[in-house]
Every structure is written in structure tokens, then in C-alpha cells.
Amino acid sequence: MKSLTGILLMNPVEALSQDLGLLYFTDDPEFKNDSDQVLLARMLFGEARSCSDEEKMVIAYTAIERVNDNKKYNGVKLRDTLLNHYDCFHKRNSQKSIISNPLKHEPAEIFENCLELSRFALNGKYQRFNTGATLYHTKDIDTPSSWDKSKLVDIDVPGNFKHRFYIER
């Protein structure tokens, strides 16, 4: 930990990164102190940090659509939906330690971008990215066998995205 004098002598970008790192580090496996915005940003960071902003917005809206789809198994609160349905929050997933301390793994501006996009999604900004999709997976894998393919509608999302998106019937 740097002393106050050490922080004051840092350049402003380094100091901001230090402050953000402390602010967004957590050792709480249930992320109890995180707001919905921070939780959604952690999800974007864990699942899509290398994607375009447009793709991140489509992914962010999958969580919001799950909350709003009136299917209790998808969750009725964003917190429950994120913690129970997004792999990066699961104990067995290597991303969980990364999303718990995002600035240890990537430059601050990457997590800041996820925070900004999560705020936009929660405020309903850029609705054009809300495709109605509630599920997605990377194009590198087949549709997971645990998903009932008969209840999925494949969404054709414009753009060179890394993921495939689906609506549950």
C-alpha cells in the first residue's frame, strides 16, 4: 500500500488507477456491497471485456431482459440474475478472481468502460442494442447441451460479434 505522500507524488492517471483499484477490489464471494451498476460492470468485464462496446451493450441487455421476462427461474432482481446465471460469478470459473479485482488484471480504463456501459444499460440508453436476447455464448463453442434448443430463437445481430444470441420462447 502506498503512503499518502506516495500517492500525492503519482501522476494523476496512476493515482486514479490506485483509487479505483481499492474501490473495486472485493474478497466477498457474494459481492454484497456492489451496486447493480458495479455488478453488471463486473459481468461485462468477466464475460466480454475484449468485445466491442456494441457487443458489450447487447450482452448487458441480456441480463436486464432476463429480469424483465417474467420467468422466475431467470431471476426477478438483477443481482440474483447476475450471480446465478452468468458463469463469471461461479466459484469454479477462473474469471471470478479476475472480476473480484479487475484492476489487478487490466488497465483501469477497461473496467471504467464496463462501468459506463453498465450505467447506460441500466438507464435504458442505447435501446437499439436491446435485441430481446436472454442467452448467449461464444461462437467458439456449440450451443450448450443443457439448453433446450427447441425453446431458443437464434437472433441475427448485425456486426462482427464474438457471441451468438438467443431469445427463449
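**Salt bridges and core of a predicted chain**

Student: Arginine 164 is partly exposed, but what is its relative accessible area?

Tutor: Buried stands for under 20% relative accessible area, exposed for over 50%, and partly exposed for the range in between, with a 1.4 Å probe and protein chains only. The model is predicted, so that local features need pLDDT of at least 70 and side-chain atom pairs pLDDT 80 or more, while totals for chains, interfaces and linings use all residues. Residues are numbered from 1 along each chain as its sequence is written, and side-chain values use heavy atoms, without hydrogens and water. For arginine 164, which is partly exposed, the relative accessible area is 31%.

Student: Which residue does arginine 164 meet in a salt bridge?

Tutor: A salt bridge requires a side-chain nitrogen of Lys or Arg within 4 Å of a carboxyl oxygen of Asp or Glu, and for arginine 164 the N to O distance is 2.1 Å. Arginine 164 lies in strand S3 (residues 163-168) and its partner in strand S2 (residues 152-155), so the pair ties together parts that are 10 residues apart in sequence. That partner, itself partly exposed at 41%, is aspartate 154.

Student: In what order do the elements of the chain run from the N terminus?

Tutor: Helices (H or I, at least four residues) and strands (E, at least two) are DSSP runs, numbered from the N terminus. The chain has eight helices and three strands, and from the N terminus on these run α-α-α-α-α-α-α-α-β-β-β.

Student: Is arginine 42, which forms a salt bridge with aspartate 34, buried or exposed?

Tutor: The closest N and O atoms of this pair are 2.5 Å apart, and aspartate 34 has a relative accessible area of 12%, which makes it buried. Arginine 42, at 1% relative accessibility, also counts as buried.

Student: Which residues have the most contacts inside the largest nonpolar core?

Tutor: A nonpolar core joins buried Ala, Val, Leu, Ile, Met, Phe, Trp, Tyr and Cys residues through side-chain atoms within 4.5 Å, and contact means heavy atoms within 4.5 Å. The largest such core has 41 residues, and those with the most contacts inside it are Met43, Leu82, Phe89 and Phe165.
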